[in-house]
Amino acid sequence: MTRLSVKALRLYDELDLLRPAKVDASNGYRYYALGQAGKAESIRRLRALDMPIEEIRRVPAASPADVSGLLAAHRQRLRAERDRHDHMLAVITRLINGEERLMNYTITVENLPAQIVASVRRHTDLAGTGATVAEGFGVLVGALTQVGRHPAGAPFLVFHDVIDADNDGDIEICISIGAPVAEVSPVQVGQTAEVTAAVTTHQGRHDEIAPAYH
């Protein structure tokens, strides 16, 4: 009647999501009441929509407004997953068409001069890097504007940790300012060291930078 498999019914019993009306003590056979069919159908439909079990568990006792909220949150999750798959499909298409290569980076070795920089440090994961960088640059530009200073070179990031699909970490968002200036909280002012660096150019989104690093 509910199109739920025996395996699903056993699982939902174990998870206290859909308990049988009674269980035969001699053989463990589960019996369900006709009045449970509606709840079972609701569970089946929500699982077919990939809603997490923990959220489905909240539905029977929730108000209509709360159910709408749970559904809206799950819709947003599905949209994000759709966008992620759309992005992957677009990359695969570019690779198939020869518009990109798997290792599309030229590595050079360069001497990078010391610089006076204004910076802010942030903690982020890979997915949040773009938004974190945008927020950090906004803070920096606002603070420099307060003291009447302008960038003296290209902005850049310092990754203090490896940030990839499995690891989050700290980044420092920097703007070269040419000459020292008084610190404006929370912006720090300091000098980077002259370094010899392996250098490549990445064109694309912040959350696609991992291949360039590797």
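What follows goes through pockets, a cavity, salt bridges and a surface patch in turn.

Modeller: Ground rules: residues are numbered from 1 along each chain as its sequence is written, and side-chain values use heavy atoms, with hydrogens and water left out. This is a predicted model, so local features need pLDDT of at least 70 and side-chain atom pairs count only at pLDDT 80 or more, while totals for chains, interfaces and linings use all residues.

Colleague: Okay, how do I read a pocket, and what volume does the largest pocket have?

Modeller: Rolling a probe the size of a water molecule over the atoms shows where empty space is left. On a 1 Å grid over the protein atoms alone, a pocket is an open set of points with protein on both sides within 12 Å along at least five of seven lines, a cavity is a set where a 1.4 Å probe fits but cannot get out, and lining residues have an atom within 4 Å of a point. Points are joined across faces, edges and corners, and the volume is the space filled by probe spheres set on them. Here the largest pocket comes to about 1,300 Å³.

Colleague: Which residues lie nearest its centre?

Modeller: Phe156, Leu157, Phe159, Thr200 and Ile209, out of 32 lining residues. Helix H5 (129-146), strand E5 (156-159), strand E8 (195-199) and helix H6 (210-213) each give two or more residues to that lining; helices (H or I, at least four residues) and strands (E, at least two) are DSSP runs numbered from the N terminus. By class, the lining has 21 nonpolar, eight polar and three charged residues. Nonpolar here covers Ala, Val, Leu, Ile, Met, Phe, Trp, Tyr, Cys and Pro, charged covers Asp, Glu, Lys and Arg, and the others, Gly among them, are polar.

Colleague: And the second largest pocket: how much space lies in it?

Modeller: About 780 Å³. Its lining holds 25 residues, with His87, Val91, Glu100, Glu208 and Pro211 closest to the centre. H4 supplies the largest share, nine residues.

Colleague: How many cavities of 30 Å³ or more does the search find?

Modeller: One, over the whole structure, with about 40 Å³ of space in the largest cavity. Its lining includes Ala118, Leu144, Val181 and Glu183, and the classes are nine nonpolar, no polar and one charged.

Colleague: Now salt bridges. What is the count?

Modeller: The rule wants a side-chain nitrogen of Lys or Arg within 4 Å of a carboxyl oxygen of Asp or Glu, and it gives eleven salt bridges. In one of them, Arg30 meets Asp13 at 2.9 Å, N to O. Arg30 sits in strand E2 (residues 30-31) and Asp13 in helix H1 (residues 6-14), 17 residues apart.

Colleague: Are those two buried or exposed?

Modeller: Buried means under 20% relative accessible area, exposed over 50%, partly exposed in between (1.4 Å probe, protein chains only). Asp13, at 9%, is buried, whereas Arg30, at 25%, is partly exposed. Asp16 and Arg19 form another bridge, at 3.0 Å. Shared partners join Asp13, Asp16, Arg19 and Arg30 into one network.

Colleague: Where does Leu102 sit?

Modeller: In the loop between helix H4 (64-96) and strand E3 (108-112). Leu102 is exposed, with a relative accessible area of 69%.
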